[in-house]
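Work through the exercises below with the sequence and the model open. Each task is followed by its solution in steps.

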Amino acid sequence: MIQAQGLCKAFAAIQAVDGFTLQVERGEIVALLGPNGAGKTTAMRMLAGFLRPDAGQAAIAGFDSMRQGLDARRRLGYLPEHAPIYREDTVLDYLRFVARARGLPRAEAVQALEAVFAGLSLNAIAYQPVATLSKGSARRVALAAAVMHRPPVLLLDEPTDGLDPIQKQQVRAMILELSKQSAVLMSTHQIDEVLSLCPRTVIMAGGRIRLDRTTDELLQQSRYHNAVSFVA
Ligand code: ATP
């Protein structure tokens, strides 16, 4: 579902990503770990088709992220690291707009709205203007917008960043539920999240994938503890 082959990206003299090759199948939740500046966000932006790689290819559900960008994006739920929503609408109106923009038929849109409102406890902020939301609320609304159409691929850049413990738990439960039908790649700095949610872990450093193992295997290796010490 997620395929990347030799992705590279440099910003001036900085080689942000250097040969990123990865495959994630439906039903998997893969944690993408690494210290600040490891290249996680840059790799995800290339996978999502928002950043043109200098070399390599990425595909979402079989569609090339750049050359078949529209087809790829229809099958993708992408939560960027910073997902500002510049809109005056209320949360409810904004998410209705997103459902329409994604082309969901009316009955499906109603179901999708009900699911994200219940799953992420958005009822209390339904009539709040999006522009006035707290960071945690804005993050949950951005996530709701990203996953509403239940795409077969989810790319989530630090999905629980800025959330309180209860909200984190809700978001993790939603990701777990969605993963039954989707391939999920999520970056995080939270080791407890990896242990509770992600059976497979990929560790990046210096733009490269350094380790790609089941989380259980990594736990048993002392290398994991070294890795954890620099990403946590
Ligand atoms: P973090 O955990 O802090 O989000 P990351 O692993 O996601 O880090 P990236 O944001 O991909 O890392 O950054 C990789 C490198 O590329 C860093 O050195 C960063 O400064 C650089 N970089 C990323 N985006 C740009 C940009 N638009 N222009 C210039 N340099 C950039």
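Two strands pair if DSSP finds at least two bridges between them; strands (E, at least two residues) and helices (H or I, at least four residues) are DSSP runs, numbered from the N terminus. The model is predicted: local features need pLDDT of at least 70, side-chain atom pairs count only at pLDDT 80 or more, and totals for chains, interfaces and linings use all residues. Residues are numbered from 1 along each chain as its sequence is written, and side-chain values use heavy atoms, with hydrogens and water left out.

**Exercise 1. Find the strands that pair with β9, and state the sense of each pairing.**

Step 1. Take β3 (residues 29-33): four bridges join β3 to β9 in the parallel sense. Leu32 lies opposite Val202 of β9, and Leu33 lies opposite Ile203.

Step 2. Take β10 (residues 208-214), which runs antiparallel to β9 and is joined to it by six bridges. Here Ala205 has Arg208 as its bridge partner.

Step 3. Look at the turn: β9 and β10 make a hairpin with two residues between them, and Gly206 in that turn has a positive phi of about 55°.

**Exercise 2. Decide whether the residues of β9 are buried or exposed.**

Step 1. Set the cut-offs: buried means under 20% relative accessible area, exposed over 50%, and partly exposed in between (1.4 Å probe, protein chains only).

Step 2. Apply them to residues 200-205: six of the six residues in β9 are buried.

Step 3. Sort by direction. Arg200, Val202 and Met204 point one way, Thr201, Ile203 and Ala205 the other way, and all are buried.

**Exercise 3. Why does Val17 count as buried?**

Step 1. Locate Val17 in strand β2 (residues 14-24).

Step 2. Val17 counts as buried because its relative accessibility is 0%.

Step 3. Leaving aside neighbours within four places in sequence, the contacts of Val17 include Leu7, Met46 and Met204. Val17 and Met46 are 29 residues apart along the chain, with 9.8 Å between their C-alpha atoms.

Technical notes
Contact = heavy atoms within 4.5 Å.
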